[in-house]
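Hi,

Here is the structure I promised to pass on. Have a look at it first, and my notes on helix packing and the nonpolar cores follow below.

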Amino acid sequence: AGNLFRQELSNLRPYVPGKPIEEVQREYGIDEVVKLASNENPLGPSPKAVEAIKRELEKINLYPDPGSMELRGKLAEKYALEVDNIVVGNGGEQLLQVIAQTFIDPGDEVVTSDTTFTILGIWVEHLGGKNILVPMDGYKQDFKGYIENISERTKLVYVCNPNNPLGNIMTRDEVDYLVEKLPEDIVLIFDEAYYDYARVNPAYPESIEILKGRPNTIILRTFSKSLGIAGVRVGYVLTSKEIAKEMSKVKGTFNVNRLAQAAALGALEDQEHMKKTVELNYRSLSIMEEAFEALGLEYIKSNANFVFVNVGIDSNLFSQELLKRGIVVKAGSIWRWNTWLRVSTGTEEQTEKFIAALKEIL
């Protein structure tokens, strides 16, 4: 029975999510936990999403619409695309899996950064593909290095923008360079989970314009962050009709449940919640930036809802110390940035609690 399991599993390193609040409460006997580890929305879900779920509850004996037609229709309207350009998924994570399943044959290559969001990479390896990890250029994804690493086996290029865990953006000029140099037949993926925060930066690229001129482009966005419905899992991709058609074969029949579809439709109407979320995010970021500067800590300028900071101490020890104080963050060691922490933006009060604990530990 040596080969009971798929061989790729023997070397696969699973993704490490942030500790759930419930687990920290149990483990440390703490009532009030401040979770700044998973880039969730501190204002809670969009109230319109909650209302929509309540209305839908009585119908959960019925399967959801397999094509998510109403939701795709609304998204098509929002982005001036057609329904056939859109695939909806059970969170961004499932869509990254579907992308891998749509394109990757054993031996195919994906070019990406050696520090980025790893879910796509995990699925690529699971399918016998290979991740070509290009070292960072300082704190940025090295697009020149991406182009140098293109081979006849390259199928996909993955750009997380803003990049997770660093939080910084690749600018319009940098992205234009990549688009210009990249062969047309390679699929370019923009993972824009933090799009709503990033677009306030005028240097942030408008990837839908790229898609219009370059059909082999996939743009991934989500309802989990700015609209606060991470718990029901809804994400979507904008892409060419040809790619969307192939992805739809793989996605599973009822991949987005009834409550999730309702919640997403409600959340789409809720511009006010989005606006408040983004405003709070930048207030929290500036509280943290000021504190880091006062403490002489290096950090990376973020356009996402988290910040990456170098505390100069082993990040596992540091995050343990924070856990004892009821604060959950993500230790940079999982990306091999051993003295860095990724800290999500909370409410102003949560952010101040984190800063107080940070000062105490330092």
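Let me start with a helix pair: α12 (residues 271-295) packs with α14 (residues 348-361) at an angle of about 15°, their axes being 9 Å apart. Since angles under 35 degrees count as roughly parallel, that makes α12 roughly parallel to α14. The crossing of these two helices is right-handed. On the α12 side, the contact involves L280, R283, S284, I287, M288, A291, F292 and L295, and α14 brings in E348, T351, E352, F354, I355, L358 and K359. By type, the residues of this contact are nine nonpolar, two polar and four charged. Please keep in mind that this is a predicted model.

The other pair I looked at is α3 (residues 69-79) with α11, which pack at an angle of about 25° with axes 9 Å apart. That makes α3 roughly parallel to α11 as well, but here the crossing is left-handed. The contact is formed by E70, L71, K74, L75 and K78 of α3 together with A264, L265 and L268 of α11. Five of the residues in this contact are nonpolar, none is polar and three are charged.

Now for the cores. The largest nonpolar core has 40 residues, and L71, L75, V157, F223, V234 and L238 touch the most other members. Helix α11 (residues 258-268) gives the most to this core, with six residues. Leaving aside residues up to four places away in sequence, L75 touches I86, V88, F223, Y236 and L268. There is also a second, separate core of 25 residues, with L96, I99, F103 and L220 among them.

Best wishes

Definitions and conventions
Residues numbered from 1 in each chain as written. Predicted model: local features only at pLDDT ≥ 70, side-chain atom pairs only at ≥ 80, totals over all residues. Heavy atoms only, no water. Core = buried A, V, L, I, M, F, W, Y, C linked by side-chain atoms within 4.5 Å. Buried < 20%, exposed > 50% of the residue type's maximum accessible area, 1.4 Å probe, protein only. Helix = DSSP H or I, 4+ residues; strand = E, 2+ residues; numbered from the N terminus. Contact = heavy atoms within 4.5 Å. Axes fitted to C-alpha atoms, helices over the stretch in contact; angles between N-to-C directions. Parallel < 35°, antiparallel > 145°, perpendicular 65-115°, else oblique. Left-handed = near helix turned anticlockwise from the far one by under 90°. Nonpolar A, V, L, I, M, F, W, Y, C, P; charged D, E, K, R; others polar.
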